[in-house]
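Please take a look at the structure below. A short walk through its main features follows.

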Amino acid sequence: MIEAAFVIGGIGAVAAAGLGVAAKVFAVYVDPKVTELLDVLPGANCGGCGYAGCSAAAEAVAKGKAAATLCVAGGDDVAEAIAALMGMTVVKGGEVSLAELGCKYGMDEAHIHFHYDGVADCRAAALVAGGGKQCSMGCLGLGTCVRACPFDALVQGPDGRPVVIESKCTACGNCERSCPKGIIRVNKPSRRFTHVQTTDDCVAPCQATCPAQIDIPAYIAAIGRGDYLDALRIIKEYNPLPLTCGRVCPHVCESACRRQDVDEEININHLKRWAADYEMNVLKEHVLPPKAPPTGKKIMVVGGGPSGLTCAYYLARLGHDVKVIEMMPKAGGMLRYGIPEYRLPKATLDFEIEGITALGVELECNVKMGVDYQLADLYEEYDAVYLALGAWDSRRMRVPGETDFPEVASGTEFLIKRGLDEETPVGKNVVIVGGGNTAMDVARTSWRLGAENVYLIYRRSRKEMPANDIEVHEGDKEGIIYKFLNNPTKIVGEDGHLTQMEVIQMELGEPDASGRRRPVPKEGSEHLLDVTNVFAAIGQSPNLECLDDDDVGEQVERTRWNSVLVDESTGTTSMPGVFSGGDGARGAATAVEGIRDGRLAANGIHMMLTGDDVAVPPNWLARPPKLPGVDEGVDIAKGDRANMRELTVEQRALNFEEVEIGLTEEMVKCEADRCLQCGLICYRGFRSKES
Amino acid sequence: MTAYMLLIVSAILVNNILLAQFLGNCPFLGTSNKMSTATGMAMAVTFVMTFAGAITWLVQRYMLIPYELEYLQTIAFILVIAALVQLVEIVLQKTAPALYQALGIFLPLITTNCAVLGVAIINIQKNYDMMETLVHSFASAIGFGLALVIFAGIRERFVLSRMPKVLQGTASGLITAGLMALIFQGFQGLF
């Protein structure tokens, strides 16, 4: 017995001694900090930080390769503890990351190809012909992400789709890695607004058609819930100017609305206006979005119009230091100096711009590039420059007498003067030449200034008018006299003053390159009109003189229409570090197209500054895809569209009160309820059909 | 040479340590959910089993037998194997970090694994000499790895199949292990 104890004790002692010696001889140096860090880290080994487990993360922190905030599972306490251990300071980004499901309908409400009896894993199902859903990006609902979540923050909803329990989600990213279709993503605001929609995303027809690609169904759903601030948050992730767009946007989104197949399209634009007006009229203060931690990069935005302001807004949210310079006395560009007060009150625009400057965007007005600044200097001083130069030159009518009389002017000149609060008297008979929104603005402004007869001369017919339908309709109510299929040929006057204009009738011939029928003059149909003012509103073009005689500006290539040549997807120009977009790059266009360019360019600039390739996925949604409408036999209750309430014609005369007075809360709720909450091919009321 | 070949085939197939002698079932079920884990475990077992076979043979031959302490065999072997694994771990960490990374997390799992101890004791019971001990230990480990890898391959496919809730996980694993054992019984009487 004693003997046995001695022997075993002896073996043990020898082994212990051997191990002790080995531990000394073969000692591997381990930073004591790593051990301490391991005590602090939660030990979940979730991999959310990007390292293989907590010990690898601890090593990375000890070597100074990772920040104190690396642990996604631990939250602020752990970050503080790590920072205390390592003598670092916690740089807090105000953005919260959460898992987010990008699919609206489960298997019950989708077209299904076939069932996979026996397959219990999304990845396996996705391998077999992409899964059972007809929608190539729909959730398969087999719960792989739910099983992958180490924090029990996902549960499977009744239709199989995962539901995120936000209080438990640590944004570790395991669900995103496990999802074979990339439907569940760990998202934060900046990741959302730097996302470029691709053909692999679930975008509703309206969202795909909107140049700014706002997640329209999401904000309408938020409005339906009565959560107007959330609706505004969703809108502002793609469009920082909802007050403006809610008033002046031509809302092409509505033309894609699936609801048209049932009754009438949703009044999308005025729902957006409701959410934006809620901030301005009810809260009366700006709700600022969270910003990413400062990056120390400086960006100059040239031009304070919609495109420039948008670019500045998103760059500021990404943590960059942004300054905007504007040649006019106030920012807003054509929104301020092109759109009249009765469509977009200046006070509203001021509130909108304040919301952007409140985010830390510096704004300097009354300075012009090419005069006060040279692009070459800006290029030197800033990490990137965004040129949002606008299209301020007007095209001329090219008729005899055009430049002989002070009463003949361009429509934009007239509107700019109004924007500057200068005197713009008009006489009895005002003629506007052109059929776009500018022509309508000038006509309706002239009517408000007291003109007795306002003629709008357009060489094609009403059908071909590029102006928004509502504008033409309202102008009609206000008594604008449309003279379609007419064109000016001569302007005549006496003693240096305008008296008459010669007009010729036109007829529509063969379609031209733009698909519209080309107007041809009718011989001998000339007649004279008595006029006191003529405004030409037949198109605007960019003026790039400010880029001439400048080392950097000369290297920025132009198009043959004298606009800046850009890559539409990122705003890059031929000069690295110089980006451009908006009217200055695409020629006169709408505010929302400028906003699209601004966001995409902010993206491009961010990619360049963070060292990524400045490129978007090849399958990005450059043009809206063709999507199916409402299927036959789907039973959806009909309901009336909530139309905008507006002032009567009597109330509008001789003043510039805003014509559209907004929807009421009940109207908004009803309208939001009408929304079909479309996905790419699914929509509310859509039921699966086995095939 | 034929004797060694027979020894190897018998250790791998006929007397498979897992499926014929039912030793080491804990790691068999525990590390067979994923193929990558299974192969890691198989390598670690091969490593340790061969070493342990050799050292326990030396302990038996030069310590326990001369002093007539055979009755201490089990406890002495456990102690020696545990110390050996620790030692191997320490040495590997310093000298072969890559191998340590690959085997690291499995080594502590098998310090007192019954399959390792079982092979060590069988070596003694069958009166193998040093060379036979090494070959038998190595071949047994290969047998262990073979069974484990086949088992993991089957279990990996379970996720793709719909099965009643009561059978999911360990339950179906045990049934599969039983069926595999039946198949391996077919090698009995091969020689």
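What share of the contacts in chain B with a separation of 6 or more comes from residues 24 or more positions apart? Such residues account for 76% of them, where contact means heavy atoms within 4.5 Å. The model is predicted, so local features need pLDDT of at least 70 and side-chain atom pairs count only at pLDDT 80 or more, while totals for chains, interfaces and linings use all residues. Residues are numbered from 1 along each chain as its sequence is written, chains are lettered from A and ligands numbered from 1 in the order in which they are written, and side-chain values use heavy atoms, with hydrogens and water left out.

Chain B has 8 helices and 0 strands (DSSP runs, H or I of at least four residues for helices and E of at least two for strands, numbered from the N terminus). Its radius of gyration is 17 Å, close to the 16 Å that the globule rule gives for 191 residues, so chain B is as compact as a globular protein of that length. The radius is taken over C-alpha atoms, and the rule is 2.2 Å times the number of residues to the power 0.38. Along the principal axes, the C-alpha atoms of chain B fill a box of roughly 60 × 45 × 30 Å.

Of the 191 residues in chain B, 47% count as buried. Buried means under 20% relative accessible area, exposed over 50%, and partly exposed in between (1.4 Å probe, protein chains only). Phe184(B), at 8% relative accessibility, counts as buried, whereas Phe187(B), at 26%, counts as partly exposed.
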